[in-house]
Amino acid sequence: MLENIQATVEAWPFLARGLWVTIQLTVLGSALALVLAIILGLMAGAPARALSVPGRIIIEFFRGTSLVVQLFFIFFVLPQFGIDLPGMVVGVLALGLNYGAYAAEVVRGSIASVPRGQWEATTALSMSPVHRMRRVIFPQAWALMIPSLASLMVHLLKGTAIVSVILLQDFTFHLDQLRRVTDTTWAYAVVGLVGYFVLALALTLVMNALEARAKHRLGRGPSLREILSPTPTAKDSLSTAGRGF
Amino acid sequence: MPTPTDPAATPIIEFRDVEKRFGDNVVLKNLDFHVNRGERVTLIGPSGSGKTTILRLVMTLEEATDGLILIDGDPLTHRIVDGRRVRLSNREIKRTRTRIGMVFQQFNLFPNMTVIQNITESPIHVLGQSKAEATRRARDLLHQVGLDDKADAHPSSLSGGQQQRVAIARALAMDPEILLLDEVTSALDPEIVGEVLGILRRIAETTDITMLIVTHEMQFARDVSDRVLMFDGGSIVEDADPDTMFTAPAHERTRKFLKAVLGEGQIGTR
Ligand SMILES: Nc1ncnc2c1ncn2[C@@H]1O[C@H](COP(=O)(O)OP(=O)(O)O)[C@@H](O)[C@H]1O
Ligand SMILES: [Mg+2]
């Protein structure tokens, strides 16, 4: 046990570097996934078949081929056509495309579930399709899609481990190194578990905050400040003060 | 009340042999009627007789499956070219659509915007008004509907009656020539209905907006309407002025319907 802790402390600079790679992959991969999800989700949900059919095909293609296959393709096949990309770029691309395709379904579904009355009101007010989406529909769909996007992000975080197969030295890679000097259970079950759990927790907290903010903007639930404030709000303290008299 | 303009002038709404089908279900068939500029026309009739569908056709939320709808003589969604019925471009449809406004049974305020943003959004971004201009007008309309203090409130913090008043202000902010009202008090608590109807009466008295109204509030219909159309099964059973319609309807079907909604009591005895 003590040796394990000591070995972990000694390996910490490497683990930290691996953790940093994992964080970068997660953040950049999620950012790319989100952009692709919005573009593909809007395309797939568009009334014009010239948009919806290509949107659907791209989504199904990247959902239907596994992340590992996509990674290998980008890392080993593309260079043969003279396209040579650094490992981090390959990782971000593959994660972004794969999870972006899943998230596109979430985006499309959330947009479709904004109540019909909202769409009809925009028509009665003569809004253009772009105006309607940007100012009315998307802001409401956003609040609906955040929980599903959050769970996809946690999956993406775990998916980053797969990029170690193309030799990016991420957290899992360094866990594997640690395993050689400690024991397997320690490295994976303790350090690995705690490491990924803390990352996932941080992600979830950020996404919960985003969701609370989005809901507050729709007039549902307290503002982020009210949630985070450890002291009672002014209104509460007023009413408590009132009771004293 | 401003008098309706010369009936010989071009009607502001004209249905010509309109058919609306949903799949095999023919909801409106061979429908012909017109509304003159400035007229207030109320549609009555049993549930499912096609009243809402007519308003939705005028608002372009639905498109007729046959026939023509003309707004001030201009085709709304389709025109006849070389004997064939062809759809207009979206741009042409939008040009006519901006002349028409609608208030819905379920209010449909945008929950992601404040009250004032709900009202100014389209005047600014569709009509191209300046923010200051649109805001001034919105505050004036909020005053008219008795909600001066709610400009920065969120729709979710308002009662149903207040939300509907905002929805009325929002529709009026677009300066529509035609205002469509589909059972706008049906979702409200009974004690709130009166205040919303009061606002609509005032709009009817102080503006010359053409109104096409669907309502079960027969006293209101009698007071504000120039004409009442009785519908059944997608066609017009009777077309009469409100006094005739409510006191001496010509058709048995109308009598039965009015008896069902009014009970034995008459209206208009005031
Ligand atoms: N979107 C739709 N799809 C299928 N049928 C519809 C749709 N909208 C209305 N209908 C049908 O059209 C008929 C007339 O409905 P509606 O215009 O709402 O009547 P009213 O407003 O007079 O109660 C009903 O039989 C209804 O089921
Ligand atoms: Mg109806």
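This is a predicted model: local features need pLDDT of at least 70, side-chain atom pairs count only at pLDDT 80 or more; totals for chains, interfaces and linings use all residues.
User: Start with helix 6 of chain A. How far apart are its end C-alpha atoms, and what would a straight helix reach?

Analyst: Helix 6 covers residues 129-159 of chain A, 31 residues in total. A straight helix at 1.5 Å a residue would reach 45 Å. Here the end C-alpha atoms are only 36 Å apart.

User: Where does helix 6 of chain A bend?

Analyst: At A:Ile137, by about 45°. A proline, A:Pro139, follows within four residues.

User: Next, surface patches. Which residues form the nonpolar patch on the surface of chain A?

Analyst: First the general idea. An α-helix has 3.6 residues a turn, so residues three or four places apart point the same way. Now the case. The patch consists of A:Val190, A:Leu193, A:Val194, A:Phe197, A:Val198, A:Leu201 and A:Leu205. Together they have about 660 Å² of accessible area.

User: What is the phi of B:Asp82, and where is B:Asp82 found?

Analyst: B:Asp82 is not a glycine, yet its phi is positive, about 50°. It is found in the loop between strand 6 and strand 7 of chain B. These strands form a hairpin with 2 residues between them. B:Asp82 counts as exposed because its relative accessibility is 77%.

User: What about B:Asp175: what is its phi, and where does it lie?

Analyst: Its phi is positive too, near 50°, and B:Asp175 is a residue other than glycine. B:Asp175 lies in the loop between helix 5 (160-172) and strand 9 (178-182) of chain B. At 47% relative accessibility, B:Asp175 counts as partly exposed.

User: On to sheets. How do I read strand order?

Analyst: Strands of a sheet pair through backbone hydrogen bonds, either parallel or antiparallel. In chain B, an open sheet of 4 strands has the order 2-1-4-5, with antiparallel pairing. Its edge strands are strand 2 (25-35) and strand 5 (74-75), each pairing on one side only.

User: How many bridges link strand 1 and strand 4 of chain B?

Analyst: Strand 1 (residues 13-22) and strand 4 (residues 66-71) of chain B pair over 5 bridges, in the antiparallel sense.

User: Is strand 11 of chain B mostly covered or exposed?

Analyst: Mostly covered. Strand 11, residues 227-232 of chain B, has 5 of its 6 residues buried.

User: Which strands does strand 11 of chain B pair with?

Analyst: Strand 3 (residues 40-44) of chain B runs parallel to strand 11, with 4 bridges. There, B:Leu43 has B:Leu229 as its bridge partner. Strand 12 (residues 235-240) of chain B pairs with strand 11 in the antiparallel sense over 5 bridges. B:Met230 stands opposite B:Glu238.

User: Which residue takes a positive phi in the hairpin of strands 11 and 12 of chain B?

Analyst: B:Gly233, with phi near 55°. That hairpin has 2 residues between the strands.

How values were computed. Residues are numbered from 1 along each chain as its sequence is written. Chains are lettered from A and ligands numbered from 1 in the order in which they are written. Side-chain values use heavy atoms; hydrogens and water are left out. The expected span of a helix is 1.5 Å times one less than its number of residues. The bend at a residue is the angle between axes fitted to the seven residues ending there and the seven starting there. Patches are made of residues with over 30% relative accessible area and no salt bridge: like charges are joined within 9 Å, nonpolar side chains (Val, Leu, Ile, Met, Phe, Trp, Tyr) within 5 Å. Accessible areas come from the Shrake-Rupley method with a 1.4 Å probe; for residues, only the protein chains shown count as cover. A salt bridge is a side-chain nitrogen of Lys or Arg within 4 Å of a carboxyl oxygen of Asp or Glu. Two strands pair if DSSP finds at least two bridges between them. Buried means under 20% relative accessible area, exposed over 50%, partly exposed in between (1.4 Å probe, protein chains only).
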